[in-house]
Amino acid sequence: MLGFLGSVLALSATLPLLIFLVAPYIRKFIAGGMCKSTAKLNGKVVVITGANTGIGKETARDLAGRGARVILACRDMAKAEAAACEIRSTTGNEQVIAKKLDLADTKSIREFAEDFLKEEKALHILINNAGVMLCPYSKTADGFEMHLGVNHLGHFLLTFLLIERLKQSSPARIVNVSSLAHHGGRIRFHDLQGEKCYNRGLAYCHSKLANILFTRELARRLQGTGVIVNALHPGTVYSELTRHLSIVDTLRKCIPFLLKTPVEGAQTSVYCAVAEELESVSGQYFSDCKPAYVSPQGRNDETAKQLWKVSCELLGILWD
């Protein structure tokens, strides 16, 4: 018994040292790839949803630093204005603007698009970044389950409303922020809104799979237009998106090197937006600034086409 206790005490004494020694190597692995492109974006117009915090904000900061006119499309205007002010200050780029957009309300989406099309004559990069994660069952203003409504349908409608301006501005890019969680997703057409059976973890996974399928079908439809679209996994990042996930807060406090910073999490979004080698690459999925494996469900063209059709019906739009 004493020998066992001695071993436990010895392990307890050496564990902090071991963590200290291996932490830099784990941190380097967790951080993942960095966008190495030095592309400038002077004269380019960018829209980023959910850009008032987290990876959206850091993506906006990076693209503003490259000279782009960046529009932060956000629900919370107080935070959006503060973020825009900070980015203008740190980059010296005065063309960083906050605009109201609530992806949980199709009226707000249409108002944002209408105002944008009146005020801006071009759109070169659309980054569908905003999202909700693991929230309790709730519905959007239009009655859609929150994960599906915000993460998929909201961005589907926004892209539809802006697609012609993107085509007119080609070459242009659409970047959809998805997640590794799409591997756990299924498109359950018989219960798309989760009214029969709801699990907030699975609802998130389903919505992230929808992002992948949307990207795949949109890329097929955009062939020859000069507009490319790709999806990505940003990594496990500590941000406001994880506010409903207590384990992430625990990891941040106890072993923070296991989580990406928002700057690190933004790298693949930036990569998909600016990398020269992606000029003719569309319909793909990236992680750590390189191609990543897509689940079999995410490669199902029939499911992608059916989801497109159902999404149009739910939103009351015709997108052929």
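A nonpolar core is a set of buried Ala, Val, Leu, Ile, Met, Phe, Trp, Tyr and Cys residues joined through side-chain atoms within 4.5 Å, where buried means under 20% relative accessible area, exposed over 50% and partly exposed in between, with a 1.4 Å probe and protein chains only. The largest such core here has 48 residues, and Phe112 and Ile174 have the most contacts inside it. This is a predicted model, in which local features need pLDDT of at least 70 and side-chain atom pairs count only at pLDDT 80 or more, while totals for chains, interfaces and linings use all residues. Residues are numbered from 1 along each chain as its sequence is written, and side-chain values use heavy atoms, with hydrogens and water left out.

**Overall make-up**

- The protein has 10 helices and eight strands; helices (H or I, at least four residues) and strands (E, at least two) are DSSP runs, numbered from the N terminus.
- Of the 320 residues in the protein, 52% are buried.
- Among contacts (heavy atoms within 4.5 Å) with a separation of 6 or more, 78% are between residues 24 or more positions apart.

**Nonpolar cores**

- The core of 48 residues draws at least two residues from each of β1 (45-49), β2 (69-74), α4 (106-119), α5, β5, α6 (200-221), β6 (227-233) and α10 (301-315).
- Helix α5 gives the largest share of this core, 10 residues.
- Leaving aside residues up to four places away in sequence, Phe112 touches Val47, Ile71, Ala73, Lys99, Lys100, Leu101, Leu158 and Leu162.
- Another core, of 36 residues, lies apart from it and includes Val70, Ala83, Ile87 and Ala273.

**Surroundings of Ala64**

- Ala64 is found in helix α2 (residues 54-65) and counts as buried because its relative accessibility is 2%.
- Not counting residues up to four places away in sequence, Ala64 touches Val70, Ile87, Thr91, Asn93 and Val96.
- Ala64 and Val96 are 32 residues apart in sequence, with a C-alpha to C-alpha distance of 7.0 Å.

**Aromatic pairs**

- There are 10 aromatic pairs in the structure; rings of Phe, Tyr and Trp (its six-membered ring) pair if their centres lie within 6.5 Å, and planes under 30 degrees apart count as stacked, over 60 as edge-to-face and the rest as tilted.
- The pair of Phe156 and Trp308 is edge-to-face, because the ring centres are 5.0 Å apart and the planes are at 70 degrees.
- Phe156 lies in helix α5 and Trp308 in helix α10, so this pair ties together parts that are 152 residues apart in sequence.
- Phe156 is buried, with a relative accessible area of 1%, and Trp308 counts as buried at 3%.
- Phe156 also forms an edge-to-face pair with Trp319, at 5.2 Å centre to centre and 70 degrees between the planes.
- Because Trp319 lies in the segment after α10 and Phe156 in helix α5, this pair ties together parts that are 163 residues apart in sequence.
- Both Phe156 and Trp319 are buried.
- Ring pairs join Phe156, Phe160, Phe214, Trp308 and Trp319 in a cluster.

**Backbone geometry**

- Most residues other than glycine have a negative phi, and most peptide bonds are trans.
- Ser170 and Pro171 are joined by a cis peptide bond, with omega about 10 degrees.
- Pro171 is found in the loop between α5 (146-168) and β5 (172-177).
- Asp288, which is not a glycine, has a positive phi of about 50 degrees and is found in the loop between β7 (285-287) and β8 (290-291).
- Cys289 has a positive phi near 60 degrees and is found in the loop between β7 and β8.
- Cys289 is buried, with a relative accessible area of 12%.

**Second largest pocket**

- The second largest pocket holds about 300 Å³ of space; grid points are joined across faces, edges and corners, and a volume is the space filled by probe spheres set on the points.
- On a 1 Å grid over the protein atoms alone, a pocket is an open set of points where a 1.4 Å probe fits, with protein on both sides within 12 Å along at least five of seven lines, and lining residues have an atom within 4 Å of a point.
- The second largest pocket is lined by 16 residues, of which Lys44, Pro171, Arg173, Ala273 and Glu279 are the closest to its centre.
- β5 and α9 (267-274) each supply at least two residues of this lining.
- The lining divides into nine nonpolar, two polar and five charged residues; Ala, Val, Leu, Ile, Met, Phe, Trp, Tyr, Cys and Pro count as nonpolar, Asp, Glu, Lys and Arg as charged, and the others, Gly among them, as polar.
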